[in-house]
Amino acid sequence: MNEIVSKVIPIILLISLGRFLRYKNIFKQESIDEIKKFMINFVLPAVLFITFFNIEMKREYYLISIIIFILLNVFFIVGFALNKIKKISHPILPFTVTACTIAFLGLPLFASVFGEENLNKIAIIAVGHEFFIWLILYPYLSIKLGNKKISFNSIIGLFKTPTMISIIIGIALNVIGLNNITQTNQLLKGVYITIEYLSKISTPFILLIIGYGLKINQKYVKQSTIIMVIRIIITLGIGYAFKFLIINRIMQPDKLFDYAYFTFLILPPPLSLPLLVGLNSTVENEELANNTVVLNTLVTIIIYIIFV
């Protein structure tokens, strides 16, 4: 218990430091946006590459990725079904109850408590999640909210994102056994160490960025809270039904995976969701999506500290 407390304290302090940096106006929003871009395009891909490059590829891991992909689709369908209820209906509701910030928040939170050496437990969830994000959620958001058509080239382009590229390359090199060669080839070992160095800055920088961005718009608190509660009920309710009925029959008991799965279920919607909503819908919908993500992020961190 004492060890967990010592690992949770840095999460609180780094997020608080990020909030302090905003309060003192030490960094401008433009600077944070540039750092965030660097993290998304280079640091997070490095984390995912290192994780999948070293992961022990088991048959059940492939099955878990497929199950997570199906689970997120179920969340999505339930979101559309609930959106037919007039009292809670809103154009962005179905898009806020599925998918999460697994790369930008889930990985650093999990690593901060359970160590980077155990990231594979949550990384196998990230594979199915990323395929859902790029193949289902974002394309359908563009169709539904932006009345856009999805072409074959745009679908191919989804696989060119740094996140997907790092996952695919990491798994491919792992399968062909290059992870063993890097231990003896000094040139490849040097490249690997460089990527590893890059991956190690992810947790502190991301927590600082999250702290900096924790700003809630009072105008949307009520509606954001309603959406967040609906999301939590869906993800925890259906998520654990899937785990007890399906996942537990595939995987051997694994306490670290249980924590990883819990982390996945309580995470907020993707940080990129407000931007995509803004590109395809109204400014008001974008602000509501942003407020929902920020509020849910704050609640996620509190829940994580209490229960993990």
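The report below begins with the basis of the model and then turns to its salt bridges, its cavity, its backbone and its surface.

## Basis of the model

This is a predicted model, in which local features need pLDDT of at least 70 and side-chain atom pairs count only at pLDDT 80 or more, whereas totals for chains, interfaces and linings use all residues. Residues are numbered from 1 along each chain as its sequence is written, and side-chain values use heavy atoms, with hydrogens and water left out.

## Salt bridges

A search of the whole structure finds three salt bridges, each defined as a side-chain nitrogen of Lys or Arg within 4 Å of a carboxyl oxygen of Asp or Glu. In one of them, the side chains of Glu116 and Lys200 meet at 3.4 Å, N to O. Glu116 lies in the loop between H5 and helix H6 (120–146) and Lys200 in the loop between helix H10 (186–199) and helix H11 (202–213), so this pair ties together parts that are 84 residues apart in sequence.

Asp254 forms a salt bridge with Lys121, and their closest N and O atoms are 2.7 Å apart. Because Asp254 sits in the loop between H12 and H13 while Lys121 belongs to helix H6, the pair ties together parts 133 residues apart in sequence. Asp254 counts as buried at 18% relative accessibility, as does Lys121 at 14%, where buried means under 20% relative accessible area, exposed over 50% and partly exposed in between (1.4 Å probe, protein chains only).

## Cavity

The search also finds one cavity of 30 Å³ or more, and about 40 Å³ of space lies in the largest cavity; a cavity here is a set of points, on a 1 Å grid over the protein atoms alone, where a 1.4 Å probe fits but cannot get out, and lining residues have an atom within 4 Å of a point. By class, its lining has seven nonpolar, two polar and one charged residues, among them Leu72, Ala99, Arg231 and Phe264.

## Backbone and surface

Ala99, one of the residues that line the largest cavity, has a positive phi near 65° although it is a residue other than glycine, and it counts as buried at 3% relative accessibility. Asn25, also not a glycine, has a positive phi of about 55°, but it is partly exposed, with a relative accessible area of 42%.

Leu17, which is placed in helix H1 (residues 2–23), is partly exposed, with a relative accessible area of 38%.

Key: Helices (H or I, at least four residues) and strands (E, at least two) are DSSP runs, numbered from the N terminus. On a 1 Å grid over the protein atoms alone, a cavity is a set of points where a 1.4 Å probe fits but cannot get out, and a pocket is an open set with protein on both sides within 12 Å along at least five of seven lines; lining residues have an atom within 4 Å of a point. Grid points are joined across faces, edges and corners, and a volume is the space filled by probe spheres set on the points. Ala, Val, Leu, Ile, Met, Phe, Trp, Tyr, Cys and Pro count as nonpolar, Asp, Glu, Lys and Arg as charged, and the others, Gly among them, as polar.
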